[in-house]
Amino acid sequence: MLTIDEGRFRESFETYSEIGATDAGGLDRLALTDEDKRARDRFVDDLAALGLDVRIDEIGNVFGRREGIDPDAAPVLIGSHLDSQPSGGRFDGQLGVLSALETLRTLEAEGVETKRPIEIVDWTNEEGSRFQHAMLGSAVFTGETDLETALDLTDDDGVRLGDELERIGYDGDYSVDPFDIHSHVELHIEQGPKLETHGNAVGVVEGVYGIAWLNVTIRGESDHAGPTPMHTRRDAMAAAADAVSAIGALPNRLSADAVSTVGEFDVEPNSINVIPNRATFSVDLRSYDDDVVDRAVALAESEIEAACERHGTTADVEEVWRIPHTEFDSDVCDAVAAAAETAGVDYERLVSGAGHDAKYVSDVAPTAMIFVPSVDGQTHNESEFTAWADCVAGANVYANTVLSLANE
Ligand SMILES: [Zn+2]
């Protein structure tokens with residue numbers, strides 16, 4: 001059994017957390033900013049110090065390879081992402097990269113050779129906050145998104161992603177196509193409340209929810225807020241409010257795991273004494289059961305239609321994104337569970353409501369994830385926190401999972 005060096009792991013966590021640190025103890029390390037560059041530079045130095053062969057691919061993903069006894073064997077891929085949300089936490093992504101790094105350092109320090117090579121990766125732009133395409137590096141790597149589309153993404157200031165990669169020196173020339181991978185495992189914070197509630201240090205993640213995104217536009221008619229009687233109005237905002245409230249109640253009608261969110265809302269003309277003629281909003285519907293997502297979409301559409309009928313308005317519902325649920329590889333899940341047993345760490349099996357790079361990687365290689373608890377389920381903000389003992393337990397489970405996969 002491998003045991004990571006807690007002190008070394010902590011020191012590297014603290015050091016990386018200084019790069020883009022916010023006053024409130026979080027991280028502001030948006031993809032391809034100067035802060036992201038500094039974190040990447042540090043990562044590359046750390047890989048080089050381990051004697052790894054470092055490669056940057058065309059979308060800026062950073063890989064490091066530790067050779068195995070059999071150099072021709074397909075490698076085990078480990079890692080996560082170093083970018084953050086604008087007021088993000090220190091654990092999202094970073095903990096996964098540093099657990100992977102600590103795994104390699106432990107193997108090196110203990111003089112452990114593995115049959116298979118191990119490849120560590122820092123994926124580009126996982127957060128999708130600055131450039132709006134989440135999990136971008138892994139999406140391009142797996143062929144989900146083409147390279148040119150990715151390089152041409154722009155941020156709010158019109159700055160092109162490809163130009164930013166070049167500016168920070170991470171426009172690599174290594175082909176972004178996927179190589180043969182034996183297995184992949186990513187450690188990440190849960191970002192939900194289950195592990196903390198159940199008192200488990202580790203989650204064996206067996207899959208990811210299916211997701212549907214809708215863009216809804218409701219059209220009515222603008223008129224004066226005073227003289228226009230209520231019964232003659234065609235109020236787009238009133239119809240939208242009814243629809244949003246019905247969409248919020250949908251999960252209760254569907255399943256225990258279903259969730260629905262209206263996260264964007266816009267109204268025109270947005271004036272205090274004018275009846276709104278247009279309201280637009282987004283809908284995010286998720287469940288591990290694809291049939292539940294199907295039914296949620298159908299019910300959302302009928303609720304929107306009914307709300308429009310009550311208010312004399314019309315609606316346009318566009319489905320902009322749909323992905324089925326992902327089932328991770330049962331053998332890799334079992335390897336994680338076995339490693340938790342070996343390390344004496346309490347664990348449970350669960351599924352993820354959030355997307356992760358591992359989701360795309362699972363299209364090209366047997367994959368699973370390890371979750372560690374998020375205190376109060378908080379994430380994507382500066383109070384995101386995981387107890388250090390849980391980080392260590394997770395990293396130990398991670399290291400032993402990687403060791404067993406690399407010797408398969
Ligand atoms: Zn993340």
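**Notebook: cavity, pocket and a helix pair**

I looked up the largest cavity; about 40 Å³ of space lies in it. This is a predicted model, where local features need pLDDT of at least 70, side-chain atom pairs count only at pLDDT 80 or more, and totals for chains, interfaces and linings use all residues. Residues are numbered from 1 along each chain as its sequence is written, and side-chain values use heavy atoms, without hydrogens and water.

On a 1 Å grid over the protein atoms alone, a cavity is a set of points where a 1.4 Å probe fits but cannot get out; a pocket is an open set with protein on both sides within 12 Å along at least five of seven lines; lining residues have an atom within 4 Å of a point. Volume is the space filled by probe spheres set on the points, with points joined across faces, edges and corners.

I noted the cavity lining, which includes Pro251, Leu285, Arg286 and Val292. H8, S10 and H9 each give two or more residues to this lining. Helices (H or I, at least four residues) and strands (E, at least two) are DSSP runs, numbered from the N terminus.

Next I checked the largest pocket: about 1500 Å³. Of its 46 lining residues, Ile211, Trp213, Asp284, Arg286 and Trp321 are the closest to its centre.

Last, I looked at H8 (residues 236-254) and H9 (residues 290-311), which pack at about 150° with axes 9 Å apart. Axes are lines fitted to C-alpha atoms, for helices over the stretch in contact (heavy atoms within 4.5 Å), and angles run from 0 to 180 degrees between N-to-C directions. H8 and H9 are therefore roughly antiparallel (angles over 145 degrees).

Note on methods
Angles under 35 degrees count as roughly parallel, over 145 as roughly antiparallel, 65 to 115 as roughly perpendicular and the rest as oblique.
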